Amino acid sequence: MVELEIPAEPEFVGLVRLFVSSLATTRRELADDRIDDLKLAVSEACTNAIDAHADSATDDRVSVSWAEGDDRLEVAVNDRGPGFDVASIPQHPPVTDPERLNFERGLGIPLIRSLVDEVDFKTSEAGTTVTLVMYCGPAEE
Amino acid sequence: MDLGLDVTEQNGHTVLAVKGEVDVYTAPRLRERLVELVTEGKRKIVVDLEGVDFLDSTGLGVLVGGLKRLRSNDGEMSLVSTQSRILKVFEITGLTKVFSIHDSVEAATAG
């Protein structure tokens, strides 16, 4: 496993994208568009983690871990924020409804669900871990 | 991480060319620039995303906010993008139905 810890500040999300894209490119058999999907999903999870820290005013760091299996890679984003209920995220109005323009946020989790093969949210008062899974084999030597 | 925001006037439209990565760190600068343009009285804005390498939901939110601001001022905003990685984000979120997305600045400013 490889782990990266970042301060819970927006300027470090780009570093996390480099971290996962570099590992995905060198270590896994993954097409470029799937690497883009992974980068975006991880970036969304980190953005939510940083938001969670801002809400709780904690100085703890956000950690991003990379783990591999024969047929999959897993990236886990772990924060120390107050946690949230994934099921309680409000639904946006349909995109054809003019009211839709009143919602600038809340697109991150739907994006994550669409971009990766599996996603798991574990949340409690001690923090949240979002685990993102992509199915892929190891890179050929 | 730099975000390029270059403004030109083309065929009666204000073209905002965005270059770089639009994420939670840089999106506030895009929001500020769009607000400035509307405050200056610009009403036909084209946001050119051809130079954008990465766009996340924060960036999408800023564009949605910009469109809302313009429409509430009797204006309109359209986008330019041909990159599949950028278009995919609009498609997944259904925002292709909200934005007018063109394949060139010329096409976007033709109307």
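Reply: Happy to. Two strands count as paired if DSSP finds at least two bridges between them, and helices (H or I, at least four residues) and strands (E, at least two) are DSSP runs, numbered from the N terminus. This is a predicted model, where local features need pLDDT of at least 70, side-chain atom pairs count only at pLDDT 80 or more, and totals for chains, interfaces and linings use all residues. Residues are numbered from 1 along each chain as its sequence is written, with chains lettered from A and ligands numbered from 1 in the order in which they are written.

Let's start with β1 (residues 3-10) of chain B, which runs antiparallel to β2 (residues 13-22) of chain B over eight bridges. Within this pairing, B:Gly4 faces B:Lys19 of β2(B). The hairpin that β1(B) and β2(B) form has two residues between the strands, and there B:Asn11 adopts a positive phi near 55°.

β2(B) also pairs with β3 (residues 44-55) of chain B, here in the parallel sense and over eight bridges. In β3(B), B:Leu55 is the residue opposite B:Val22.

Now for the partner: 21 residues of chain B are in contact with 22 residues of chain A (C-beta atoms, placed from the backbone, within 7 Å). On chain B's side, α2 (57-71) and α3 (84-93) are the elements giving two or more residues, and α2(B) gives the most, with eight residues.

Methods: Contact = placed C-beta atoms within 7 Å.
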